[in-house]
Amino acid sequence: GSRHIDIRYFLMKNRLDTGNINVIHCPIEEMLADFYTETLQGNLFRIFRDVVMMHKHMSTLKIPPMSADQELVADNVIIE
């Protein structure tokens, strides 16, 4: 029931507050499991397919880190 959801929520919130865990955002371009669970279109499908079929290495999914003065906007376009 909802009591268990409340307990799990507060357990996770407590761990976040105390620094026992760190939550990191993973952009869709790095979520290889989406190849099996989502309907992917175009280029993203081809990239994931190539990784799954071992034509490309997993590292090709990584988005290059941005510097502090850059901002990521739609379609992975980096502006400065």
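This is a predicted model: local features need pLDDT of at least 70, side-chain atom pairs count only at pLDDT 80 or more; totals for chains, interfaces and linings use all residues.
Contact is taken here to mean heavy atoms within 4.5 Å.

Helix 3 spans residues 42-52, and its buried residues are Phe48, Asp50 and Val51. These residues lie on the same side of helix 3, because they cover an arc of only 160° around the axis. Helix 2 (34-37) is included in what covers the buried residues of helix 3. Just after helix 3, Met54 adopts a positive phi of about 65°.

Asp50, located in helix 3, has a relative accessibility of 15% and therefore counts as buried, the limit being under 20%. When neighbours within four places in sequence are left aside, Asp50 is in contact with His55 and Lys56. The side chain of Asp50 also makes a polar contact with the side chain of Arg49, at 3.3 Å.

Two salt bridges were found in a search of the whole structure. One of them joins the side chains of Arg49 and Asp50, with an N to O distance of 3.3 Å. Arg49 is partly exposed at 28% relative accessibility, whereas Asp50 is buried at 15%.

A salt bridge is also formed between the side chains of Asp17 and Lys13, at 2.9 Å from N to O. Asp17 and Lys13 are four residues apart in helix 1 (residues 2-18), so about one helical turn separates them. Asp17 is exposed, with a relative accessible area of 56%, while Lys13 is partly exposed at 37% relative accessibility.

How values were computed
Residues are numbered from 1 along each chain as its sequence is written. Side-chain values use heavy atoms; hydrogens and water are left out. Buried means under 20% relative accessible area, exposed over 50%, partly exposed in between (1.4 Å probe, protein chains only). Helices (H or I, at least four residues) and strands (E, at least two) are DSSP runs, numbered from the N terminus. The arc is that of the directions from the helix axis to the C-beta atoms. A polar contact is a pair of N or O atoms within 3.5 Å; within protein, one must be able to donate a hydrogen and the other to accept it, and residues adjacent in sequence count only if both atoms are side-chain atoms. A salt bridge is a side-chain nitrogen of Lys or Arg within 4 Å of a carboxyl oxygen of Asp or Glu.
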